[in-house]
Amino acid sequence: MSSTDSSQALIRFDAVVKHYRQRQGLSGVRIARAVDGVGLAIDAGETLGLVGESGCGKSTLARLALKLEAPSAGRVLFEGADLALADAAALNAYRRSVQAVFQDPFSSLNPRMRCGEIVAEPLVIRGGRSRREIDSEVTSVLEKVGLPADSPKRFAHQFSGGQRQRIAIARALVLRPRLVVLDEPISALDVSIRAQILNLLAALKADYGVAYLFIAHDLHAVAALSDRIAVMYLGEIVETGPADQVAAAPRHPYTRMLFAATTADMPSSVAAVGVAPKGEPPSAFAPPAGCRFHPRCPLAQDQCRYEAPLPRALYGHTIACHFA
């Protein structure tokens, strides 16, 4: 599923910017360009995978989607409505419609609450349901995520890491949201458990008709779960496209670098192109002029040093690169 008409998207980031000001010395201020002009759309029922190195702005974009942060510029629209203009009732409805599952199931669950209370808490806060209705919904969602019948009575420390993440997923789904932000949901889990959680997320997507913004470092997991992949570098989106195509034939040099670093069976036509990066990512406080990837790019030419590439359609992808 692709967002061919972004005006009909479930959520849309429209030239979104998020800058952070940091005091430097007694009177100086420097600005971190965490998200810089991002345009993305996610359709109802779609999974968009978001990948990139640490510090590229993925989690900042997640916080913007959850309205934990407000953009410095640009707009975040939900079903066509600008969240910056939403009144209290619309914001309450939005927060019911957008939930999150975070990276660490060990710290995201209250150790003083039983599992049933943790999952029921969003329903209790929203109100309007009897205790019997809440208990019934909690029982149903815990069964959906594959937890045993006695789970509601147990505390978080009595569960394994994978089971704790299932509790976090149940808590996110109990309000039957339209969108769930999955911020590194499997990175803290044992390798043997990750496939189980991915299979669970895929099954729940079908059962609940929910859309996912799936942020992860595990490119294999992103490719397996996602409908589309967006690749982020230093606050900007450098490539988007259907997940299978981006994984099999990445076009941007940075995307190639990411997949080559984690995939042993890269297609020879891709692996043959220089993919080894030079040095470390630049600081978000001082991004390079022109293409932000050019100091590390094996394909960089003079044009890349002074002219920022505009996104263009190529082989079914959208790529911000002069020489892709």
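This is a predicted model: local features need pLDDT of at least 70, side-chain atom pairs count only at pLDDT 80 or more; totals for chains, interfaces and linings use all residues.
Residues are numbered from 1 along each chain as its sequence is written, and side-chain values use heavy atoms, with hydrogens and water left out.

Let's start with pLDDT, the predictor's confidence in each residue, from 0 to 100. The chain averages 89, and 93% of the residues score at least 70. Over residues 1-6, though, the pLDDT is below 50, and this stretch has 16 contacts (heavy atoms within 4.5 Å) beyond near neighbours in sequence. Residues 266-274 also fall below 50, with 14 such contacts in the model.

Now look for the sheet. Helices (H or I, at least four residues) and strands (E, at least two) are DSSP runs, numbered from the N terminus, and two strands pair if DSSP finds at least two bridges between them. Here 8 strands form an open sheet with mixed pairing, in the order E6-E7-E8-E3-E9-E10-E12-E11. E6 and E11 (312-314) are the edge strands, each pairing on one side only. Zoom in on E6: this strand pairs with E7 (residues 179-183) in the parallel sense over 4 bridges, and Ala100 stands opposite Val181 in E7.

Next come the helices. Axes are lines fitted to C-alpha atoms, for helices over the stretch in contact, and angles run from 0 to 180 degrees between N-to-C directions. Helix H2 lies across E6 and E7, at about 40 degrees to E6. Helix H1 (residues 58-65) lies across E3, E6, E7, E8 and E9, running at about 155 degrees to E7.

On a 1 Å grid over the protein atoms alone, a cavity is a set of points where a 1.4 Å probe fits but cannot get out, and a pocket is an open set with protein on both sides within 12 Å along at least five of seven lines; lining residues have an atom within 4 Å of a point. The second largest pocket is lined by 16 residues, with Arg95, Val98, Gln99, Ala100 and Arg126 nearest its centre. H2 (88-97), E6 (98-101) and H3 (115-126) each give two or more residues to that lining, and H3 supplies the largest share, 4 residues. As for the largest cavity, 13 residues line it, and Pro253, Cys291, Cys297, Cys304 and Cys321 lie nearest its centre.
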